[in-house]
Amino acid sequence: MTMIAKPIRMQNDSERNGDNANRTSVITRTKPKTKKPNLYRVLLLNDDYTPMEFVIHILERFFQKDRESATRIMLHVHNHGVGECGIFTYEVAETKVSQVMDFARQHQHPLQCVMEKK
Ligand code: TYC
């Protein structure tokens, strides 16, 4: 029987020419890639003029709080100067701030609502 030496791998043209082409491998991801979104706190600020009932209404209407937690958050802001209404992605937080500021302005209350990165 005639034995013929078999090369393990044929060199391609570019390798024979001495460059690095065609020597990389593509690996595929097995685990699904998940990215955590940046989160933002939406805060209400205290002032001396906005009625307590109006702030409670804001928390119910724009932040889906029941009467009890809306009252608790409003009193926290009243007593401490600032309080959290919720934590949202950037676009949702921005929308909430605009909704609150527009609604307060329509009713001529000086209520301030801001967002801050967590
Ligand atoms: N300090 C206000 C008052 O005594 C009530 C108030 C609470 C205002 C929370 C703003 O974000 C606020 N009428």
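Which polar side-chain atom lies 2.9 Å from a nitrogen atom of the ligand? One of His78 does.

1. Basis. This is a predicted model, where local features need pLDDT of at least 70, side-chain atom pairs count only at pLDDT 80 or more, and totals for chains, interfaces and linings use all residues. Residues are numbered from 1 along each chain as its sequence is written, and side-chain values use heavy atoms, with hydrogens and water left out.

2. Ligand site. Around the ligand (a heavy atom within 4 Å) sit Leu44, Leu45, Asn46, Asp47, Thr50, Met52, Val55, Met74, Val77, His78 and Leu111.

3. Polar contacts (N or O pairs within 3.5 Å). A polar side-chain atom of Asn46 is 2.8 Å from a ligand nitrogen atom. Thr50 uses a backbone N or O atom, 2.9 Å from a nitrogen atom of the ligand.

4. H2 against H3. Helices here are DSSP runs of H or I, at least four residues. H2 (residues 52-63) and H3 (residues 67-80) pack at about 125°, axes 9 Å apart. From H2, Met52, Glu53, Val55, Ile56, Leu59 and Glu60 make the contact (heavy atoms within 4.5 Å). From H3 come Arg67, Ala70, Thr71, Ile73, Met74, Leu75 and His78. By class, the residues are 8 nonpolar, 2 polar and 3 charged.

5. H2 against H4. H2 also packs with H4 (residues 90-106), at about 145° and with axes 11 Å apart. This crossing is right-handed. Phe54, His57, Ile58, Arg61, Phe62 and Phe63 of H2 meet Lys96, Gln99, Val100, Phe103 and Ala104 of H4. That contact holds 7 nonpolar, 2 polar and 2 charged residues.

Note on methods
Axes fitted to C-alpha atoms, helices over the stretch in contact; angles between N-to-C directions. Helix = DSSP H or I, 4+ residues; strand = E, 2+ residues; numbered from the N terminus. Nonpolar A, V, L, I, M, F, W, Y, C, P; charged D, E, K, R; others polar. Polar contact = N/O pair within 3.5 Å; in protein donor to acceptor, adjacent residues only side chain to side chain. Left-handed = near helix turned anticlockwise from the far one by under 90°.
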